[in-house]
Structure formats: C-alpha cells, structure tokens
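Welcome! Take a moment to look over the sequence and the 3D view below before reading on.

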Amino acid sequence: MAYNLLKGKKGIIFGALNSASIAWKVAEKAHEEGAEFVLTNTEVAMRMGDTHELAKQTNSLVIPADATSLEDLENLIQKTMAHFGGQIDFILHSIGMSPNVRKKLPYDALNYDYFLKTLDVSALSFHKVIQTAKKFDAVKEWGSIVALSYVAAQRTLFEYNDMAEAKATLESIARSFGYIYGREKHVRINTISQSPTMTTAGSGVKGINSLIDFTERMSPLGNASADECADYCITLFSDLTKKVTMQNLFHDGGFSSMGMSYRAMQMYNKSLDCKRCDDKECCDDCI
Ligand SMILES: NC(=O)c1ccc[n+]([C@@H]2O[C@H](COP(=O)([O-])OP(=O)(O)OC[C@H]3O[C@@H](n4cnc5c(N)ncnc54)[C@H](O)[C@@H]3O)[C@@H](O)[C@H]2O)c1
C-alpha cells in the first residue's frame, strides 16, 4: 500500500543490480511513493545486471558511475541536476564489494591492495558521494542520505572478513559528515544496519545460508527482508524523519540486542551428541 510519502521528491539510487538487490526494492517502493530518481551503477554492472529494465519499469534515467571515481560522481551529480532542473531530495548508497571475500582470502591472510579496494568501494565511496553532492550543492535543505550497513561493524561475525572494517568506516562517515552537512544545510545522513539478505553481494558471504538461519532463530521478529528494508529507507527519505541524523539504525528484527534465544538454543542442543544413547537424532528430552 502506497502513502505518497515521497510525492514530488527526487533522488539518486546507487546499487540496483538485479531484482534481488536491496536498491532495486527501494527503487520500486520510491516509485510507488511518488518519487522520481536517477539509477546508477558501474558500466560493468549495467552490462551484467538488469538496471535498464528497472529504469523502464520506474520511468527513470540511468547514468553510469563508478562510485570510487570523483570524475564519474561529478558527472552523475551534474547530469542529475540538469535532468531534474535543480536540487534533489535523497540519495541511497547501496554499494559493497570485497576482493578478499571474492577471492576467499581469510582475514589472517589478507591481500592489502584488495583491502584498500574493499575500503574504497564499500566505505570511502560514501564519503566521495556526499562530498561531491555538497560541492555542487545538490541536496535540498532537509534532504536525506542513507547507506546500507551490517552488524559486523560492531560485532565479529565468522567470515565477514574485511567488510567489517568497511562497514565500521561507513557508519563513522555517516556521523562525521552528518554533523557538517546537518549544521550547514540541514541534510541528514544515516546508515541502516540490515539483516543478512540473499542478494548477489549477500551470497558472496561464506556460510550465508547458515547465517540467515541463525539470525532468523535469534531475532524475535525474524530476519528483515529486502522489501522491508526498502520500506524503512522510504521512511528515512520522507519528511516524517526530519530530525533523525548521524544514526546507525538497526533493521534486523532485534538480532543486534540478543545474546541467545530459545529457538537458537533448541537448535544448538539438537546438534550435541546424545548423552544417553547412540542416536544423534534423538529428541530434545533425551539431552
Ligand atoms: N545482502 C546482505 O546480507 C546485506 C546485509 C546488510 C547490508 N548489506 C549491504 O547492502 C548494500 C547492497 O547490497 P545488496 O545485498 O543489495 O547486494 P547487490 O550485489 O545487489 O548490490 C551491491 C551493489 O554494489 C554495486 N557496486 C559494486 N562496486 C561498485 C562501484 N565501484 N561503484 C558503484 N557501485 C558498485 C554493485 O554493482 C551492486 O549493484 C551493500 O552495502 C551491502 O553491504 C547487505
């Protein structure tokens, strides 16, 4: 159900690769809520993915940009402003990539050139996007900028690797730039820390299926889906959240506040060797 929350608003959405992408869902919902936006991704992602299909579906302009390139970002911001005839209201940064994860290098044998690439693509690009937008005074007063993060910024999770450092930096950029952009232009900047989600980037995380099962069992409300994440993004782009800034907002069904749940404990007990008989599949009462 649409509420017209973004009627008349204009924005830029980074990172819609295919229909599983969180940014894809945000674009669909933003369109339903009355927004107009530019879709952007790297040239390679445009060729491999379905961004142009989404553009048709949402009547959007596509402008390619590598979010690590200031030249590309300047081109993107200037063309977007020309397209809309002025300033925009919101930006979604939905970008993540680690060459160390892709090449399956463990955390204690990282390639440092790859590490720098991880940080550049997944964190510094957020700073570059905001700095470029500010340079061209692209965002209206009370505009909203959102990036997507993960709880590995605060807690250690098996095999999340150097993306943990990237997410910690990303969240810090939201605070540091949120102060400056808020003070000067009333632009708000937040990160949303989303549940593990089965997307192209998500499926690169080792053991993602087990992780999704574990967090589902640990979270009182269950994992948050990509669609639900999109709903949350829409509220942050809307005028209903004008005084929310410099926050990392957990959107994870309660996972980040849990230590152990009954459902996870049950599963853990089931996996223990039975103390009374040789049957490992035997019932909970036996343990
Ligand atoms: N999937 C999850 O489990 C999960 C959980 C929490 C947070 N997140 C975050 O959500 C965001 C979106 O990821 P997703 O899960 O929708 O996966 P996705 O693979 O659909 O999206 C990642 C996007 O990043 C883009 N990208 C990579 N390098 C880029 C560059 N140099 N310039 C511009 N774009 C570039 C890709 O082309 C892709 O569109 C990421 O920041 C990710 O870390 C994902």
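## The whole chain

What you see here is a predicted model. The protein chain holds ten helices and seven strands. Its C-alpha trace spans about 75 × 45 × 40 Å along the principal axes.

How does the radius of gyration compare with that of a compact globule? For 287 residues, such a globule would come out near 19 Å, and the protein chain has 20 Å, so the two agree. Of these 287 residues, 43% count as buried. Among contacts in the protein chain with a separation of 6 or more, 72% are between residues 24 or more positions apart.

## Around the ligand

Now let's turn to the ligand, which is surrounded by 27 residues. The closest of them are S21, G96, T199, A201 and G202.

## A closer look at α1

Why is α1 largely enclosed by the rest of the structure? Eight of its eleven residues are buried, which means that the helix has much of the structure around it. You can find these buried residues in the view: I22, A23, W24, K25, V26, A27, K29 and A30.

After α1 comes G34, a residue with a positive phi, near 95°.

Terms used:
Residues are numbered from 1 along each chain as its sequence is written. This is a predicted model: local features need pLDDT of at least 70, side-chain atom pairs count only at pLDDT 80 or more; totals for chains, interfaces and linings use all residues. A residue is near a molecule or strand if its C-beta atom, placed from the backbone, lies within 6 Å of it. A residue is buried if 20 or more other C-beta atoms lie within 10 Å of its own, exposed if 12 or fewer, and partly exposed in between; C-beta atoms are placed from the backbone. Helices (H or I, at least four residues) and strands (E, at least two) are DSSP runs, numbered from the N terminus. The radius of gyration is taken over C-alpha atoms; the globule rule is 2.2 Å times the number of residues to the power 0.38. Two residues are in contact if their C-beta atoms, placed from the backbone, lie within 7 Å.
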